[in-house]
Amino acid sequence: MYIDINNRLHDDQTRALTCPHCAVYTHVTPVAAPSFADLAATRPKQTGLVYRCDACNSPIFMRAQVRGHAADRIELSAQLEEIERPPESFDYADLPPEIEPLLSETLQCYSNSLFNAFATMCRRTLQAVFANLGEAGKLRVFDELNNVRDMAELDLETFAPIKRVLFGTDSDPPPHFPPIDDFQAALLLEVVKDLMYECYVRRARLRQAIVVRRAGSRTGGGPDATGSAPTEHKSHDALANGSA
Ligand SMILES: [Zn+2]
């Protein structure tokens, strides 16, 4: 993509993303770019562009690398960096009170593209989970992490930094954290949310469902009570016979 001498942005890619304002996955349209003269005079390494969300019309700010200068155009990288991301959500109701604020800050780091802070907070959140679940729980989380790797078919090169972030300790030889790029951060985000869901949310919902079923069976009511089902079958048979 490039900016021509008349300040027009030429972007032949159709761009779509999750809007940070309305959270809809939608196309975006370029609305503002820096002027050719400004870029030619100052020669910055990167510059900013503004797109418009086609769903809610809000402005979406992007960063682009400046690739090169010619007499009639300034080349920009086709890959744009999103400055704002939609806030990451999680249903915190089933989390222990000491873990909820840690996970909340972890997700905020991700939403603000602070990937190294995000990785550090991922480890801190997992340390709180291990303290909460005990040694047996830690082993279960480890198994669950391997399940995620198998299900997502991640190769060792992609998976190793994620495992190191989550299970590493400060007593490991430096550097304590591998560098995290935006793709690894996105993977780490999905893994951490999945682990939290498996460790707390799924368990709590299953327990709640069993309590409701047990209460239903004690009162003798409920949708599975005998009496109504045979009548329904009869009426279905009658309908079938009637139409035949
Ligand atoms: Zn929007």
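The expected span of a helix is 1.5 Å times one less than its number of residues. Helices (H or I, at least four residues) and strands (E, at least two) are DSSP runs, numbered from the N terminus. The model is predicted: local features need pLDDT of at least 70, side-chain atom pairs count only at pLDDT 80 or more, and totals for chains, interfaces and linings use all residues. Residues are numbered from 1 along each chain as its sequence is written.

Which residues of H2 are buried? They are Leu-103, Thr-106, Leu-107, Cys-109 and Tyr-110. These residues cover an arc of only 155° around the axis, which puts them on the same side of H2; the arc is that of the directions from the helix axis to the C-beta atoms. A residue counts as buried if 20 or more other C-beta atoms lie within 10 Å of its own, exposed if 12 or fewer, and partly exposed in between, with C-beta atoms placed from the backbone. The cover over the buried residues of H2 includes helix H3 (115-152) and helix H5 (182-219). After H2 comes Ser-113, whose phi is positive, near 60°.

Helix H4 consists of residues 156-167. At 1.5 Å a residue its 12 residues should span 16 Å, and the end C-alpha atoms are 15 Å apart, which agrees. Ile-162, Val-165 and Leu-166 are the buried residues of H4. They cover an arc of only 95° around the axis, which puts them on the same side of H4. On the other side of H4, Leu-156, Glu-157 and Ala-160 are exposed. What covers the buried residues of H4 includes H3 and H5.

The axes of H4 and H5 come within 10 Å and cross at roughly 60°. That angle makes H4 oblique to H5; angles under 35 degrees count as roughly parallel, over 145 as roughly antiparallel, 65 to 115 as roughly perpendicular and the rest as oblique. The contact is made by Thr-158, Pro-161, Ile-162 and Val-165 of H4 and by Gln-184, Leu-187, Leu-188 and Val-191 of H5. Two residues are in contact if their C-beta atoms, placed from the backbone, lie within 7 Å. In the loop between H4 and H5 lies Pro-175, and the peptide bond from Pro-174 to Pro-175 is cis, with omega near 0°.

Most residues other than glycine have a negative phi, and most peptide bonds are trans. Ala-23, although not a glycine, has a positive phi of about 65°. Ala-23 belongs to the loop between strand S3 (15-18) and strand S4 (25-32), and is partly exposed, with 13 other C-beta atoms within 10 Å. Asn-57 also has a positive phi, near 70°. Asn-57 is in the loop between strand S5 (46-53) and strand S6 (59-69), and is exposed, with 12 other C-beta atoms within 10 Å.

Finally, Ile-74 is part of strand S7 (residues 73-76). Is Ile-74 buried or exposed? Ile-74 is buried, with 23 other C-beta atoms within 10 Å. Its C-alpha atom and that of Tyr-2, 72 residues apart along the chain, are separated by 5.3 Å. Not counting residues up to four places away in sequence, Ile-74 touches Tyr-2, Ile-3, Phe-36, Leu-39, Ala-40, Val-66 and His-69.

How values were computed
Axes are lines fitted to C-alpha atoms, for helices over the stretch in contact, and angles run from 0 to 180 degrees between N-to-C directions.
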